[in-house]
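Please look over the sequence and the model below before reading on.

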Amino acid sequence: MATRVRPLARSACTALLRQQKTLPSSSRRLQCMTKTNTIRAFRSSPHHGKQDLRGYNDSDRYHGQYPRRTHLCGDLRANNEGQHVVLNGWIQSPRAMSQDLIFIPLRDASGTTQLVFRSGSPELRTEIQRLTPECVICAEGVVMKRPDGMINNKQTTGAIEVELKKIYCLNPASGSLPFWPSQTAATLPNEEVRLRYRYLDLRRPELQKNIRLRSLVVNTVRQHLIDNGFTEIETPTLFKSTPEGAREFIVPTRKPGAFYALPQSPQQHKQMLMAAGFDRYFQIARCFRDEDLRADRQPEFTQIDLEMSFITAKELQEVVQGFVSSIWKKALGVELDASHFPHMTYQEAMTTYGSDKPDIRFDMKINEISDYLSDVIEQESALDCLVVKQGSKLTGGDLKSMQKALELGEEKDFAFVKINENNIHAWPSKCGRLKHSNRLGQIESDINNKLDIQVGDLVLVHKRERYLNGGNTLMGRVRLHLANLLQEKGLLKIDPNTYKFLWIESFPLFSPDEQNIRTWQATHHPFTAPFDEDIPLLTTDPAKVRGQHYDLVLNGMEIGGGSIRIHSPVMQRFIFDSVLQLEKHEYQRFDHLLDALSSGCPPHGGIALGFDRLMSILCNASSIRDVIAFPKAAGGKDLVVNSPSEVSPDQLKEYYLQVVNKE
Ligand code: ASP
């Protein structure tokens, strides 16, 4: 597309001409055209750097057309030998071996090539000596094979170097950058500094790779879903405050007392889209939750969000398995099929792994042994037992640090014992309150047989409440802690390329209200449908109602969750009102949804996958910040632009806001 150049006004042109009478006519001609051309001519003039441009001095950079690049830095190989090439990129620290031998690595998005200055012109040497790391240059040169001993097999371009003929410094970099992207991981500054200068950090090949993979994965998902009849639809970002679950960000308006809220998810809109007849919807959706930042949570994050009409949980799960398999194939070259996605109920997950997102890459199952000791275990309690094979190799210090990390000091119903020849037939009597059982003698050998307890094992027991709720049990936390410890000590091996997916289902629909204001809160969100056969329990025993919710778990992390929804406005209103005991004014905030359900809304269900978490697993990144271009730091701060920030008193006034209790 042609760029339109705005000519200077005639008077400005004449003034310039008058001012530059001393320049050669070719330069004068150039300068008369445009402001941009004025700068170009300035650099290309023989008097470059000497004219009076009224305080404007930008002589460190080359202004003007520079040669078009012929190759990317990562492209060149031995078979390019002898070619005259033009490369563009960022220079890394030059290494001057002598006056006549200087190596300069040049990096662009595709990789790095070694430029070399060898006994070239003194002008070229001077230009090179002026370059600081991270200058952006255009380099012209000739591809040479590296001498035999100099080949770098670790680099794709390691067989060649480019002998420099000319360079153009397109934009120098400050000599006082806080760090260079080419530094080794060990010498980089802390993450706070790197987040502050994110544009520099993003130049590091590792982050470049993550962000590019993220784009590839989004594309794969989009393509897969569109190929399967889904429609991508954007829902509003300026939404309304509704008590859906998480704390929202609110957005003031110029109407007194009127606020938008940013969506914590497109949940209500996607359900309304089902009422609207878009029976397969998806969106790569940005969501916002104003929650205290737990490790690795972001206040704004991305979900792969879908909803489908006339669907069963199983059919929806198959769609998810389909696009997850496409991602794994494209990003990792790994083939997955239905057998990679087993199912487990919440009850089984919690009793066997002590977690609603079990890591099944390793065994270490928890066994309930209450039946053996029914005389010391009350009806409402259950006794969990974990046997760690060869766990006696863990030191007293290891077990103390576990107790400290998991705050087990005060836990009187928790005990552990290392099994040796002397105690193998009497270990329960060493386990806290178990020792009071009358049945000890008779049951010891039964337990040992059932759990295959042997000398050298570590046995841990915990008496917990029989009624399970929440995300984990104490023994589940112990299991994970010990697995980490065993891994560190080389006693447990987990292949980093193992991907263990698991669907967790049949969650309790309601959990005790954490804030103790009401009796129940929705375990996930209030739109999840109960199992049909549990509907009568809604009035008699809400604790026993199972929801048609499903979570997708990978390697012990929840990567997605969804459900079959309530499509009956009568049931939805009943749950808001009678079970969750929302005040009328609270559930009236969902009137739009209740109206949509009353308008002839099909049965429907959906899911959302946490895209940032998914990417961090695919990239093997230790933090989701490593897969987000501009993540927030601790406390929700954006360190690049320094937000959140104050606004002027005038702006506050315009939005009818007053700041009180400022710290
Ligand atoms: N909106 C839900 C969430 O953000 C996901 C779903 O139920 O589809 O967790």
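This report describes a sheet with its packed helix and then a pair of helices.

The model is predicted, and local features need pLDDT of at least 70, side-chain atom pairs count only at pLDDT 80 or more, while totals for chains, interfaces and linings use all residues. Residues are numbered from 1 along each chain as its sequence is written, and side-chain values use heavy atoms, with hydrogens and water left out.

An open sheet is formed by 4 strands in the order β13-β14-β16-β15, with antiparallel pairing, where strands (E, at least two residues) and helices (H or I, at least four) are DSSP runs numbered from the N terminus, and two strands pair if DSSP finds at least two bridges between them. Because β13 (366–368) and β15 (414–418) each have a single partner strand, they stand at the edges, and one side of each is left without a neighbour in the sheet. From one strand to the next the twist averages 25°, with angles running from 0 to 180 degrees between N-to-C directions and axes being lines fitted to C-alpha atoms, for helices over the stretch in contact. Strands β14 and β16 are joined by 8 bridges, and L386 stands opposite L460 in β16. Helix α13 (residues 474–488) packs on the sheet, touching β13, β14, β15 and β16, contact meaning heavy atoms within 4.5 Å.

| Pair | Angle between directions |
|---|---|
| α13 and β14 | about 10° |
| α7 and α9 | roughly 140° |

The axes of α7 (residues 205–227) and α9 (residues 313–332) come within 9 Å. Residues including L213, L216 and V217 in α7 meet residues including V319, G322 and F323 in α9.
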